[in-house]
Amino acid sequence: MQTRDRWIMLFATSMVSFMSTLDASVVNIAVPHISRELNVPMNEAEWVVSVYLVAICALLIFFGRLADQIGRIPVFQTGTVIFVLGSLTCGLSSSLPMLLAARLFQALGSSMVMATNFGIITQTFPINEHGRALGVNSTVVQIGNVAGPGIGGVILAVANWHWIFWINVPIGIIAFLFGHRIFPHESVTWSKVQVDWSGYLTFAAAVISFFVAIYWGQAVGFATPGVIALFIFAAVLVAVFIWIEKRVATPLLQLGIFRSRGFTLGIISAMLVYMVGYFNNVVMPFYLQETLALSSATAGLILMAVPLLNMVSAPTGGIISDHIGAEKVSFYALFIFFVPLIIFVMVQPGWSIAVLIFGLAMFGVANGAFQNNPMIMDNAGPEYQGIAGSLAALGRNLGMAMGLSLATSLVYLGMSLRAGKHITAYPRSHPDWFVFAMHFSYWFAVALIVAAVILIGSLLRYQRRAVQANQSED
């Protein structure tokens, strides 16, 4: 593929990836609007967010394996069409059941896109350009993740919540046409497809059971016997899944990929960073709109500080990673996270809004500079590039889904501890309870970044020792 065509292809894949990631976060700020218009409780309206994330987590590995057998481009292009149709249906929904069904259909297309975009990029660009290409893609994907509340707030200031979904339609059509023009037209051979159905169904059941346990625990308490039993059931299913994958002839997941320490630690650290990112998506809209009484438009503009700085730091980090390695760039980026997080655990309603904007901007710098995609893909062998892309997307979406669950659970717990009773809604008569809960939750975010620092630090130490051992042998 010519250089110009490669970059047009990158644009097309990145735009669809942006929309699919954006739709995981943009709905957060629209939940109150959806709740009012569809006349459903707030906790039920939040299913619109969680259903999408959980469905993607359950589907990603399946489509990654399928794409390895029939081709990544056909799966990507089909996913783009399904995602656009799902977005159109979401915007047309007039009831919660209809909207949830549309979100599941949208998640089907999104999972097909996410499972294949990294693999398409790494097979198209030469290895010396992986950092730059994946850095650009990381920029777009991360902006989609962190810009959701900001973009959603701006849209809601001029239109209703339906346009949050409809805006995907023209962008998706343009991206599909670009892809149709640039992508090689691969023939699909279905006769060679082999699906490990026992492994996939076990994996999907484990994912669904885990998140049902989390959401159920938020409502009734995590010490409830039924919730504990469901967590244990999910853990058993994971063990069964690993047992199956070690024994079937054509496994859904090639477990050998995890022998690479760089790949495994890259996946885990990326999950931790995306979990922290979702603290902003969940907590900050409430703090800005409820505690500070700002309009959705003003809140959206303030939250745009994250993606704006992300746009600068992500490609810069990608270029630097081509020279010094993605692991080193990511390690340094993790320390930048401590600046905004300390602000968030200390901020008070009486503080200048400029301090909060500075914190959000620094969060964007750190989030963009963290080079999770090059770190993951370059540490996976060439024979694992297809499944590596799926697992990278799975790690990202698991991080977002777990971040959503952890952030809301911690906020509920913090408010309940302060109030001395169980609370699962914003305490309008006691905003100080929410501020306490926000500080309480962000301390856990600090702990997640500390864990990521330890993981990447140990990886760098391991790589340094390996280089020294090779040099001593020479």
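These legends describe views of a predicted model.

Local features need pLDDT of at least 70, side-chain atom pairs count only at pLDDT 80 or more, and totals for chains, interfaces and linings use all residues. Residues are numbered from 1 along each chain as its sequence is written, and side-chain values use heavy atoms, without hydrogens or water.

**View 1. The fold of the protein chain is built from 21 helices and zero strands.** Helices (H or I, at least four residues) and strands (E, at least two) are DSSP runs, numbered from the N terminus. The radius of gyration is 22 Å, close to the 23 Å of the globule rule for 474 residues, so the chain is as compact as a globular protein of that length. That radius is taken over C-alpha atoms; the rule is 2.2 Å times the number of residues to the power 0.38.

**View 2. Buried residues make up 58% of the 474 residues in the protein chain.** Buried means under 20% relative accessible area, exposed over 50%, and partly exposed in between (1.4 Å probe, protein chains only).

**View 3. Arg 428 and Glu 290 form a salt bridge.** Their side chains meet at 3.3 Å, N to O. The structure holds one salt bridge (a side-chain nitrogen of Lys or Arg within 4 Å of a carboxyl oxygen of Asp or Glu). Arg 428 sits in the loop between helix H20 (385-419) and helix H21 (431-473), and Glu 290 in helix H13 (residues 261-291), so the pair ties together parts 138 residues apart in sequence.

**View 4. The two partners are shown by their accessibility.** Arg 428 is exposed, at 59% relative accessibility. Glu 290 is partly exposed, at 28%.
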